Structure formats: structure tokens, C-alpha cells
Amino acid sequence: DGAHGVIARTRSYSSDTVDPKVKHHSRLNFVLASLEARDVDPDALPILLDNDGNLTEGIGNNVFLVKDGVLKTPDDRGILQGVSRGVVMEVAEQLGIPVSVEDLQPYDIYTADEVFFTRTSPRIVPVGRVDGRPVGDEVPGPVTKQLLAAHSEKVGVDIVGQGLHFAGLES
């Protein structure tokens, strides 16, 4: 049924305070956001906002959504520009999937056709619920499935099979 996300009240640090391109996990706001997410849904991962209320990132993951066939991801001025994020955008462009990097609000994620996170492993994580609201009609959605297949081919690893194996869900 996909991962769960919760939009935390705790905000991302402003790029005026901490450079978001520095990769580290010793940020107090990440700890607070994790606690908030678990209060809402024990299985959820937090999604942080910037000071203007725009989506930024999760803890160790980037956020994507699909709306009307367009792959959208938050502007990178306040996030760690993850390698997996970049590869997914490259794969999408190769597949002819339009990519938009823009300011996104919680409303955009609530009304998205699909949502997924990217991270080093397992690369693409479909999201089935955000703040308890179901996302789309199927998880993973058709664009996410396309990206998973193309990404798996690009890196020579069955990402879905690997994820199911390590989650103990393979048949």
C-alpha cells in the first residue's frame, strides 16, 4: 500500500542558516519532524516545509509527485540535491515524462495522482498516504511504475524485487 508521509509542523532550516547541500543527519528539526510524524502515524516518514509553506524534503529522501502526467519536485534552493533525485529526473526526461521543479504546497501533494520518495536505497519509494489521505487510485501509479522499470534497467538492479526481498514480502 506504499509508504506513508506526514507533513510536519517543524520547518526545514532556511538556507540562510544551514546550507541544505551539506549532507548530514544531525539536524534537530529532523528529529522533531520524525517525532511529529510518528504521533500522527507510527509508520509515516515526515515531509518538511520551508518558512513559506512550500514542500522541501524528508529525512534522507526527496519528494516527488505526479499530477496530470507531469513529474513535479520541490525547488532545490532549500533541499539536499540527492543523486537519486537527479537520476529519476534524468530517466523521466529520457522517457518523455515532463519534469517541473517548482514551489509545491501541501495542497499539491494532497491532490496529486501519485507521490513517491527517492533515496539512496531503495531508490524510488511509492507513497500511498499523506496525512492519512490516500494518494491516487493505485500504488505505485503508472508513472511511478514506468520510472521504477526504467531506473531498474539503467542501474542493472530489480529495484522492486530487491525492496520486496529485504522487506520479507517476496513470494
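From the N terminus on, the elements of the protein chain follow the order β-α-β-β-β-α-β-α-β-β-β-α-α, which gives 5 helices and 8 strands; helices (H or I, at least four residues) and strands (E, at least two) are DSSP runs, numbered from the N terminus. The model is predicted, so local features need pLDDT of at least 70 and side-chain atom pairs count only at pLDDT 80 or more, while totals for chains, interfaces and linings use all residues. Residues are numbered from 1 along each chain as its sequence is written, and side-chain values use heavy atoms, with hydrogens and water left out.

Of the 171 residues in the protein chain, 43% are buried, where buried means under 20% relative accessible area, with a 1.4 Å probe and protein chains only.

Strand S7 (residues 123-130) is largely enclosed by the rest of the structure, because 6 of its 8 residues are buried. Strand S1 (residues 3-11) pairs with S7 in the parallel sense over 3 bridges, and here glycine 5 stands opposite valine 130 in S7; two strands pair if DSSP finds at least two bridges between them. Strand S6 (residues 114-119) pairs with S7 in the antiparallel sense over 5 bridges, with phenylalanine 117 opposite valine 125 in S7, and a hairpin of 3 residues joins S6 to S7.

S7 also pairs with strand S8 (residues 133-134), in the antiparallel sense over 2 bridges, and arginine 133 in S8 is the bridge partner of valine 130. The hairpin of S7 and S8 has 2 residues between the strands, and in this hairpin aspartate 131 takes a positive phi near 55°.

Key:
Buried means under 20% relative accessible area, exposed over 50%, partly exposed in between (1.4 Å probe, protein chains only).
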